[in-house]
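Hi everyone, thanks for making time this morning. Let me put the structure up, and then I'll walk you through a few parts of it.

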Amino acid sequence: MRRTRLAIVTLCLMFGWSSLTQASIVIGGTRVIYPENQREVSVALNNSGDTPSLVQAWVDEGDASVSPDDSAAPFVIFPPISRVEPDAGQTLRLVFSGEGSLPADRESLFWLNVLDIPPRPQAGEEGSRNFMQLAFRSRIKLFYRPASLEGRASGAPEQLRWRVAGGELRVDNPTPYHVNLSGLIVGGREVDIGEGLIPPRGSTTYPLPAGVSSPRQGELTFINDYGGRATREFSF
């Protein structure tokens with residue numbers, strides 16, 4: 001069983017991950033928030049394809065190459081493997097299993113993986129002889145949120161502190177929440193933000209755009225808990 005799963009993950013690495021719209025299995029959301037005071041959270045899946053799919057789900061700590069068997073993430077998923085019929089759904093139940101193992105003064109980031117394995121053609125069907133099985137993997141952020149955190153996640157982007165240091169753009173996040181940027185403009189020019197994730201009680205640096213040296217204002221776009229986007233202006 002372990003070899004089969006690893007072989008499927010290897011195929012995914014060789015041929016690339018699929019986006020949510022390419023796979024038959026669609027996740028109901030772009031991120032998961034797990035409040036500490038909840039016993040479990042649910043994630044809805046839907047099969048938008050014409051054939052059944054075998055679905056495997058697991059959580060990792062940030063290393064996309066870790067197999068489900070080797071992941072040390074403190075979450076259990078029910079069911080870990082399921083068959084989802086076409087035009088039908090499946091609910092994943094995520095249960096936190098690592099009480100006391102995570103920081104209580106900030107969010108912790110994990111990743112939810114959903115592997116969509118399409119069926120193999122039956123003998124005699126067109127394409128059954130020359131067939132390569134490809135699995136589609138979707139991976140979304142999972143934020144574990146302690147109950148004792150001050151403030152609200154929605155207010156974190158406005159508390160970011162921006163400055164130019166050493167020819168770079170530095171942002172400090174004094175809040176206990178992650179801030180996920182989807183866009184950043186400084187001096188009228190777009191900034192390369194990479195994955196755009198600013199850690200809680202941490203900092204990140206970005207390269208200044210060409211021709212920008214002493215900006216006074218900027219504009220950021222961030223992604224909220226519901227996957228929506230909002231824009232805020234800020235000053236240096």
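Searching the whole structure, which is a predicted model, turns up nine aromatic pairs. One of them is Trp162 with Phe234, a stacked pair at 4.4 Å centre to centre, with 15 degrees between the planes. Where do those two residues sit in the sequence? Trp162 belongs to strand S10, residues 161–165, and Phe234 to strand S17, residues 229–235, so this pair ties together parts that are 72 residues apart in sequence. Trp162 and Phe234 are both buried. There is also a cluster, in which ring pairs link Tyr34, Phe75, Phe96, Phe110 and Tyr144.

Now for the strands. Four of them make an open sheet, ordered S1-S3-S7-S5, with antiparallel pairing. At the edges stand S1, 25–27, and S5, 75–78; each has a single partner strand, so one side of each has no neighbour in the sheet. On average, neighbouring strands in this sheet are turned by 25 degrees against each other, direction ignored. If you look at S1 and S3, residues 41–47, you'll find three bridges joining them, and Ile25 stands opposite Asn47 in S3.

Last stop, S6. Strand S4, residues 53–60, runs antiparallel to S6, and four bridges join the two. One detail for your notes: Leu54 has Arg83 in S6 as its bridge partner. Which residues of S6 are on its covered face, and which on the uncovered one? Ser82 and Val84 are on the covered face, while Ile81 and Arg83 are on the uncovered one. As a reminder, side chains in a regular strand alternate between the two faces of the sheet.

Notes: Residues are numbered from 1 along each chain as its sequence is written. This is a predicted model: local features need pLDDT of at least 70, side-chain atom pairs count only at pLDDT 80 or more; totals for chains, interfaces and linings use all residues. Side-chain values use heavy atoms; hydrogens and water are left out. Buried means under 20% relative accessible area, exposed over 50%, partly exposed in between (1.4 Å probe, protein chains only). Two strands pair if DSSP finds at least two bridges between them. Rings of Phe, Tyr and Trp (its six-membered ring) pair if their centres lie within 6.5 Å; planes under 30 degrees apart count as stacked, over 60 as edge-to-face and the rest as tilted. Axes are lines fitted to C-alpha atoms, for helices over the stretch in contact, and angles run from 0 to 180 degrees between N-to-C directions.
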